[in-house]
Amino acid sequence: MYGKLENGELKYASKIAIIDGDMIVTNPKDEDYIHAGYKEIVDNAPEDAEKEYEPEYTEEEDRIIVNYKEV
C-alpha cells in the first residue's frame, strides 16, 4: 500500500498513478508509485478495537509509518 502525507493527512494511492504530471499509468507497479512520489505505508494498527485511537504519522525517506495513540 502506498500513500503521501499532504497537510498532515494521509492520502492513499489510487489504482492509477500520474507520473511527472502527464503520464497516466493504469494498474501501476510499485516502481510507478515511487516514481509518482508515493511512499510505502507501514500501518501498525492496534489490536484492541474497543478503544478509540488517533493515527500519528512518521515520514521517512522511503516510507510512512502509522502508529496510533489512544484518545
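Tutor: Here is a walk through the aromatic cluster and its surroundings.

Keep in mind that this is a predicted model, where local features need pLDDT of at least 70, side-chain atom pairs count only at pLDDT 80 or more, and totals for chains, interfaces and linings use all residues. Residues are numbered from 1 along each chain as its sequence is written, and side-chain values use heavy atoms, with hydrogens and water left out.

A search of the whole structure turns up 2 aromatic pairs; rings of Phe, Tyr and Trp (its six-membered ring) pair if their centres lie within 6.5 Å, with planes under 30 degrees apart counting as stacked, over 60 as edge-to-face and the rest as tilted. Tyr 2 and Tyr 33 have ring centres 5.3 Å apart and planes at 20°, so they are stacked. That pair links distant parts of the chain, with Tyr 2 in strand S1 and Tyr 33 in helix H1, 31 residues apart. (Helices, H or I with at least four residues, and strands, E with at least two, are DSSP runs numbered from the N terminus.) Tyr 2 is buried at a relative accessible area of 12%, and Tyr 33 counts as buried at 12% too; buried means under 20% relative accessible area, exposed over 50% and partly exposed in between, using a 1.4 Å probe and protein chains only. Tyr 33 also meets Tyr 38, with centres 5.9 Å apart and planes at 85°, so this pair is edge-to-face. Tyr 38 is buried as well, and Tyr 2, Tyr 33 and Tyr 38 make up one aromatic cluster.

S1 (residues 2–6) and S2 (residues 9–12) pair in the antiparallel sense over 4 bridges, where pairing takes at least two DSSP bridges between the strands. Their hairpin has 2 residues between the strands, and Asn 7 takes a positive phi near 55°.

Back in helix H1 (residues 30–35) you'll also find Asp 32. Asp 32 is buried yet has no salt bridge, and the nearest side chain of opposite charge, Lys 29, is 5.8 Å away. A salt bridge takes a side-chain nitrogen of Lys or Arg within 4 Å of a carboxyl oxygen of Asp or Glu; for charge, Lys and Arg count as positive and Asp and Glu as negative, with His and the chain ends not counted.
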